[in-house]
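Q: I have a model open and would like to learn how to read it, feature by feature. Could we go through it together?

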Amino acid sequence: MLSYAGVSAGYAGVPVLRDVSFDVAEGEAVAIFGHNGAGKTTLLKCAVGDIAEVAGSVTYRDEPIIPGAVFRNSRRGIGFVPQGHNVFRELSVRQNLTISGLHHPKSRVEDVYDLFPILLERGGQAAGSLSGGQQQILALGMALMTKPSILLLDEPSTGLAPIIVRDVMASLTKINRETGTTVVIVEQNIPATLAIVSRAIVVKAGRVVFDGASKELERKEDLWGWF
Ligand SMILES: Nc1ncnc2c1ncn2[C@@H]1O[C@H](COP(=O)(O)OP(=O)(O)O)[C@@H](O)[C@H]1O
Ligand SMILES: [Mg+2]
């Protein structure tokens with residue numbers, strides 16, 4: 001569904017990703033791990049074309065992702081939840097959702113409410129008054145307003161208390177299982193993420209050094225040595 005083939009990418013002539021190749025299949029839940037600066041965010045950006053210097057090919061449903069054409073690429077069904085709780089703080093929860101789905105049927109809000117009842121409960125409340133975890137769930141809901149086939153998430157658990165991390169991870173499982181949405185999640189919280197994905201990819205200095213079953217990664221005695 002989403003394929004990287006010999007992808008190298010960088011900024012201002014400085015290489016970040018080096019010869020990255022992997023495929024994500026429809027319906028999969030895949031984690032991407034790696035140290036700070038390994039190139040994880042850059043990898044996600046390649047999938048929406050938000051990077052200028054890229055060699056090799058990134059394709060989505062067998063059609064190329066066009067560098068620079070973020071809006072056009074995204075409209076093909078790719079949802080991207082950037083790092084940080086990207087919500088409009090002064091707007092209500094409901095307004096945040098409707099704005100995110102401007103080009104989509106209004107009824108979509110109800111689908112998101114069905115998936116995350118907490119957003120219905122807080123519908124009239126300013127997004128900025130929600131807890132960090134609730135804001136992250138709202139950010140997920142906003143991405144879902146466009147009815148993506150694949151959802152890319154950049155460190156959704158950052159800054160959240162462990163108990164809330166569990167809620168967010170459970171939400172992702174729900175999205176993956178109940179709506180069939182493919183999920184690609186970049187995370188630092190490896191244990192919490194391994195619990196919800198079937199496959200993990202480890203990126204080290206811009207190269208893929210592990211790509212396999214999450215169970216296999218879990219079993220590695222020198223797990224941390226992989227990063
Ligand atoms: N917009 C940018 N301009 C220049 N360098 C960047 C930019 N974004 C990221 N980098 C550099 O690319 C490398 C990989 O960054 P990134 O993909 O954000 O890694 P990660 O998400 O794994 O922490 C880092 O060395 C970072 O400093
Ligand atoms: Mg990053």
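Q: Which residue stands opposite Pro-64 of strand 5?
A: Thr-59 does. Keep in mind that this is a predicted model. The pair belongs to strand 4 and strand 5, which are joined by two bridges in the antiparallel sense.

Q: What should I know about side chains when I follow a strand?
A: The general idea is that side chains in a regular strand alternate between the two faces of the sheet. With that in mind, let us go to the other partner of strand 4. Strand 1 runs antiparallel to strand 4, with seven bridges between them. One place to check is Ala-5, whose bridge partner in strand 4 is Ser-57.

Q: What is the order of the strands in the open sheet of four, and how are they paired?
A: Read across the sheet, the order is 2-1-4-5, and the pairing is antiparallel. Strand 2 (14-24) and strand 5 (63-64) are the edges, each pairing on one side only. Strand 1 (residues 2-11) is joined to strand 2 by seven bridges, again antiparallel.

Q: What is the strand order in the open sheet of six strands?
A: That order is 6-7-8-3-9-10, and here the pairing is mixed. The edge strands, pairing on one side only, are strand 6 (78-81) and strand 10 (207-213). Ignoring direction, neighbouring strands of this sheet are turned by 15° against each other on average.

Q: Do strand 3 and strand 9 run parallel or antiparallel?
A: They run parallel: strand 3 (residues 29-33) and strand 9 (residues 199-204) are joined by four bridges. Ala-31 has Ala-200 as its bridge partner in strand 9.

Q: Which strands does helix 1 lie across here?
A: Helix 1 lies across strand 3, strand 6, strand 7 (150-154), strand 8 (182-186) and strand 9. Its angle to strand 7 is about 150°. Helix 6 (residues 132-144) also packs on the sheet, where it touches strand 6 and strand 7, and its direction makes about 160° with that of strand 6.

Q: Now the ligand. Which residues are around ligand 1?
A: The shell holds Tyr-11, Val-16, His-35, Asn-36, Gly-37, Ala-38, Gly-39, Lys-40, Thr-41 and Thr-42. By type, three are nonpolar, six are polar and one is charged. Helix 1 (residues 40-48) contributes the most, with three residues.

Q: What are the distances from oxygen atoms of ligand 1 to Gly-39, Thr-41 and Thr-42?
A: For Thr-42, an N or O atom of the side chain is 2.5 Å from an oxygen atom of ligand 1. The corresponding distance for the side chain of Thr-41 is 2.8 Å. With Gly-39, it is a polar backbone atom that lies 3.0 Å from a ligand oxygen.

Q: How much of the accessible area of ligand 1 does the protein cover?
A: On its own, ligand 1 has 570 Å² of accessible area, and the protein covers 56% of that.

Methods. Residues are numbered from 1 along each chain as its sequence is written. Chains are lettered from A and ligands numbered from 1 in the order in which they are written. This is a predicted model: local features need pLDDT of at least 70, side-chain atom pairs count only at pLDDT 80 or more; totals for chains, interfaces and linings use all residues. Side-chain values use heavy atoms; hydrogens and water are left out. A residue is near a molecule or strand if one of its heavy atoms lies within 4 Å of it. A polar contact is a pair of N or O atoms within 3.5 Å; within protein, one must be able to donate a hydrogen and the other to accept it, and residues adjacent in sequence count only if both atoms are side-chain atoms. Accessible areas come from the Shrake-Rupley method with a 1.4 Å probe; for residues, only the protein chains shown count as cover. Ala, Val, Leu, Ile, Met, Phe, Trp, Tyr, Cys and Pro count as nonpolar, Asp, Glu, Lys and Arg as charged, and the others, Gly among them, as polar. Two strands pair if DSSP finds at least two bridges between them. Axes are lines fitted to C-alpha atoms, for helices over the stretch in contact, and angles run from 0 to 180 degrees between N-to-C directions. Contact means heavy atoms within 4.5 Å.
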